[in-house]
Amino acid sequence: MSQKIQLKKLERETRSEIFSFQNLYIAYRECQQHKGNTINAIRFGYDLETNLLALERELNDKTYQLRRSVCFINTKPVPREIFAADFRDRVIHHLLVRKVEPFFRKKFIFHSFACQKNKGAHKTVKYVERYMRRITHNFQKPAFYLKLDVAGFFMSIDQRILFDIFQQAISKEYRFKSQIEKEEILWLAKMIIFAKPTENCFIKGDHDLFKLIPPYKSLFHSGEGKGLPIGNLTSQFFANVYLNELDQFVKHQLKCHYYCRYVDDFVLLAENKQTLKFWREKINEFLKTRLQLTLHPRKQVLQSINNGIDFVGYFIKPFHTLIRQRTARNLKKKLWDFNKDLQKEKNFDFQKLNHVLACINSYYGFLRHSHSYKLRRHLYEQHFDRLQKYFKPINKTYDYFVLNPSQKDPIVRSSTSNN
């Protein structure tokens, strides 16, 4: 065998397919679907081949380093501290999650609904409704629910415990093509988990907004070895890996049949209060000893199912589901703002119009999963005002809206003429 062939064989043996150009390109395409309009995404895509080749080289040479994040405060629905990773790093986040998420999805319980494909808040509501009917025999028997919340969840995650959970699962059950593949997955996961974005970040927006964030909800005050940045795909994935320990405990140790979790909010149903109180004590003890987490003292609700369950943005009552009043108020405020802008500008250009339409349809998509026909009609008739000229409901139940055909051409021409 010639020396050249031996070198090529050695190179193949010391490299896995994880950091290949093809996998990086697929990760880029997935990332672009969510963040394709940002400046960093456009810059990265402008010289895509060069950037992906550079990433491939850095990953295989183990010289890759996370770049500076942008930190800002998102004030709605409640103030939150967000860390937006550089687009280049987001590609790597998608690369890692795409590789390991299918394996972990098999380990997760079915009734963990957050940040997973074909899951979400709407499916959570359906299963809570189903559980309510089952445990009460279609509301013929009494039953109770316990709703709990983890205090400062993302900021309280212990990075060492998280990595140990991830490493043990990967090492024991994951089928690797080679030893180098295992090492690369663990190397990349370790880098992301133990990253310190607070030490190298750019503060964007009004600095006074940071005063709205309590210390226990800020990564700047989380302490050494604690916390994951809100805003990253990997943080959402690792949150599920972390709390899967709780899910397994509730289902297999406490033997709770009626349990649903959405991120750090979860609800348990039982036929009597005593059982739920016992479970709460055991859950609190488990969280402290195993995961170094605590239950939020002011976000614990133990009530009869007949009172309804306030969960994932909906108020789930026997036989019907409503939305929170805050959601309706927020939409009314949005409609008022849009009408105010329209009064000033006299006309919306096409880009602005589509932005308004997307926002309204997003709210109405949320409303559609509740018993809210009268509210949807009321909002259109009483709060759309000038917007009725531009949008029309797709049907009589006001499921969503489309552009009024009579307004499309004038708007396009107006937008074009302004340019």
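Me: In what sense do strand β3 and β6 pair, and over how many bridges?
Reply: In this predicted model, strand β3 covers residues 144–149. One of its residues, L146, stands opposite L268 in β6. The pairing of β3 with β6 is antiparallel, over 6 bridges.

Me: Which residue of β6 does Y259 stand opposite?
Reply: Strand β5, residues 259–262, also pairs with β6 in the antiparallel sense, over 4 bridges. Y259 faces a β6 residue that stands opposite L146 as well. That residue is L268.

Me: Is strand β6 mostly covered or mostly open, and how many of its residues are buried?
Reply: Strand β6 runs over residues 265–270. It pairs with β3 and with β5.

Me: Which residue takes a positive phi in the hairpin of β5 and β6?
Reply: The hairpin has 2 residues between its strands. The phi in question is near 55°. The residue is V263.

Me: Which residue of β4 is the bridge partner of S69?
Reply: Strand β1, residues 69–74, pairs with β4 in the parallel sense over 3 bridges. S69 has its bridge partner in β4, and that partner is C201.

Me: Is N232 buried or exposed?
Reply: N232 lies in the loop between β4 and α10. Leaving out residues up to four places away in sequence, it touches F83, A85 and H93. Its relative accessible area is 8%, and the cut-off for burial is under 20%, so N232 counts as buried.

Me: At what angle do helix α5 and helix α10 pack, and is the arrangement roughly parallel or roughly antiparallel?
Reply: Helix α5 spans residues 87–107 and helix α10 spans residues 233–253, with their axes 10 Å apart. The packing angle is about 20°. Angles under 35 degrees count as roughly parallel, so α5 is roughly parallel to α10.

Me: What is the handedness of the crossing of α5 and α10, and how do the contact residues divide?
Reply: The crossing is left-handed. The contact includes H93, L96, V97 and F104 of α5, and L233, F237, F238 and V241 of α10. The residues of this contact divide into 8 nonpolar, 5 polar and 2 charged.

Me: Which residue of β9 is the bridge partner of F311?
Reply: β8 and strand β9, residues 314–317, pair in the antiparallel sense over 3 bridges. In β9, the bridge partner of F311 is Y314.

Terms used: Residues numbered from 1 in each chain as written. Predicted model: local features only at pLDDT ≥ 70, side-chain atom pairs only at ≥ 80, totals over all residues. Heavy atoms only, no water. Axes fitted to C-alpha atoms, helices over the stretch in contact; angles between N-to-C directions. Parallel < 35°, antiparallel > 145°, perpendicular 65-115°, else oblique. Left-handed = near helix turned anticlockwise from the far one by under 90°. Contact = heavy atoms within 4.5 Å. Nonpolar A, V, L, I, M, F, W, Y, C, P; charged D, E, K, R; others polar. Pairing = 2+ DSSP bridges. Buried < 20%, exposed > 50% of the residue type's maximum accessible area, 1.4 Å probe, protein only.
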